Structure formats: C-alpha cells, structure tokens
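Open the model in your viewer and keep the selection panel at hand.

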Amino acid sequence: MRKSSCYVSDKNAKMSENIVIESLRGLCLTYPSLRLIEKEKIVYRADIDEIRQKQVTIISGGGAGHEPAHAAYVGSQMLSAAVSGNVFASPSVTAILAGIRRVQSPHGTLLIVKNYTGDCLNFGLAAERAKSEGIKVDMIIVGDDVSIGRNSAVGRRGLAGTVLVHKAAGAVAAAGGTLEETKSVASLVAENIGTIGVAFDHCKIPGSSHSPTLPKGIIELGMGIHGEPGFQKIPLPPSRDLVHKMLDTIINTDDPERSYLDIHPEKNSIVLLVNNLGGLSTCEIFRYSYEAASYLGLALYFASSFEEND
C-alpha cells in the first residue's frame, strides 16, 4: 500500500541534469559498503568478489525517480547490484549486461524486473546476451498492482511489492539456495502480492514543462508510479476510511476484475508493507501503518508494546 505525491518538490524542479549520478554518488558515500560504476549507473556490493563465489547473485533495477528503489536495496541478503536508468527511463541493455558481467556467479544470477515494457524488454535482451556468453542467468517479472483489471492489455504493473521479492530471493540466496530454488521462492512471493497506490497529484518530473493536476481535495486510487491513470477518483476521505478502501481493494475476493489474491486475514499469515513515495511525513506514515495493521488484525500481536497511563 502506498500514498504518493511527487518525484521532486517544486522548489527542487531546477536541480542538476546530473541528478541521477549525483544521487547514486551520495548513496555510496553514505553507505561505504556500496560501489558505483558511474558510466552504466550500477550500484553493487563492495564485497561482491567474495560473495559471488559463495551464492547466487541478484540484480534488479529500472528508471530513477523511485528511490530508495532499487539501489538502496543492495546489501546483505538483498540485491547484489542494481542498475539505474535516467528518471522514469529504463536502463539500457548495455548497462544491464555490464551489471550482469560484474556480479555474475558460478551459482547463477537472478534478475528481478518490474512489469514495465521497457524494463522487461531491456532486461530480457541483456539476459539473452549474457546467456550467449556462457553466463548462468534467469529472470522473473513482478506485477503486483491490483488496480489493473484482468481485461487490461498492459498487465499488472510492478510496484512496492517488488521489495518483498528482493528480500525473499536475497534470503534464499544467502542461505545457499540454488538459482532454481531462489527463483522458485521469488516467484511464489510475487504471485501472492497485491499492492494499491493512491496519489494526491501527478508526478512532477525535472525538465518537464507541464504536468497534469488533480482538483483540490480529490485523490486518485490506483495511479501508477509514473503518473499512469488510476481506476477511480474520489474526494479525500478520513485516513481510516481511505486505508480500509485500499485494503478492501487488495483483499476483496468478490471483485472479478481485481481479485488476484485468495486471502483471508483471519486465518492467513500476512506481511504488510506500507510504502511512502514522498507525500507523507514520517509521523503520518506511521499513523497509516497503524490503521492498516489494525484493520487486518495485526495490531493484536503487538498489543504488549502499547502502554496506557492510568
């Protein structure tokens, strides 16, 4: 579940054209365990030469503008490398292939790709070229957006649920799983994820002269992370009602268009991910997290953490 605003605030709209490279430099300076290949915008683990001899390596990536995805998820039991494109633009086949070559492992390399045309095409072509060089590589595509109906020609978009696929695959790989086992677990997680977004307004991209806007007091359910149309525009409801509507869209098994998950909160184990794309303060995101956990009954498990004054 996510609540979205803009890629950058208006006051930063004139930021440097090198924003992606400068951002990746800042990430690697902040976290010395990371390394950067600037030409191809590849962030990888500093200990990769040791790690790749021990386990399957994992690569993800996509257009910039969705930070912390994906470069900030490079690390222990997560990604081995992430390949970034320019803002909202898929990385090139050449850059992805360079990433595969840098972190390739004799145990195999798994590519985790969000379901967008450019990403699927470029990662797929890079994987085929890597295979032709004798590199052991495989790929899965994640599409977790429940706002896209079954009759849509584009298929479900990849959203925040992809991070859970990173985590599951990373854990299996770190535990010594084979490429086949790592892919199997990643696919299982991907098939059982549902995500819904809500936006106050459309994204604002550096360098663009015009961006569409939503009327004041109106939100859009299901808007994509690049500003793609959602499925419903409604007046902004109270926070609790909004959380309930979003979760109902994910778990409602009676909706023939969007019932992708056979989920029953009262008896199934659930992982809840609440993702903020920049539209909320930390205080607000924790409030929405509590509302979501309470609605799913998860807050009951953590009741001992809450103390009340007499």
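Buried means under 20% relative accessible area, exposed over 50%, and partly exposed in between (1.4 Å probe, protein chains only). By that rule, 50% of the 310 residues of the protein are buried.

This is a predicted model, where local features need pLDDT of at least 70, side-chain atom pairs count only at pLDDT 80 or more, and totals for chains, interfaces and linings use all residues. Residues are numbered from 1 along each chain as its sequence is written, and side-chain values use heavy atoms, with hydrogens and water left out.

**Colour by confidence.** pLDDT is the predictor's confidence in each residue, from 0 to 100. The protein averages 88, and 88% of the residues score at least 70. Now select residues 1–7. Here pLDDT stays under 50. The model has 49 contacts for this stretch beyond four places in sequence; contact means heavy atoms within 4.5 Å.

**Switch to cartoon.** Helices (H or I, at least four residues) and strands (E, at least two) are DSSP runs, numbered from the N terminus. Among contacts between residues at least 6 apart in sequence, 65% join residues at least 24 apart.

**Select the six-stranded sheet.** The order is E2-E3-E5-E4-E6-E7. The sheet is open, and its pairing is mixed. Two strands pair if DSSP finds at least two bridges between them. Go to the edges: strand E2 (34–37) and strand E7 (137–142) each have a single partner strand, so one side of each has no neighbour in the sheet. On average, neighbouring strands of this sheet are turned by 20 degrees against each other, direction ignored. Axes are lines fitted to C-alpha atoms, for helices over the stretch in contact, and angles run from 0 to 180 degrees between N-to-C directions.

**Zoom in on E3 and E5.** Strand E3 (residues 42–45) pairs with strand E5 (residues 81–87) in the antiparallel sense, over three bridges. Tyr44 stands opposite Ala81 in E5.

**Finish at Ala169.** This residue lies in helix H5. Is Ala169 buried or exposed? Ala169 counts as buried because its relative accessibility is 0%. Show its contacts, leaving aside neighbours within four places in sequence: Ile58, Leu110, Ile112, Thr182 and Ala186. Then check one distance. Ala169 and Thr182 are 13 residues apart along the chain, and their C-alpha atoms are separated by 5.4 Å.
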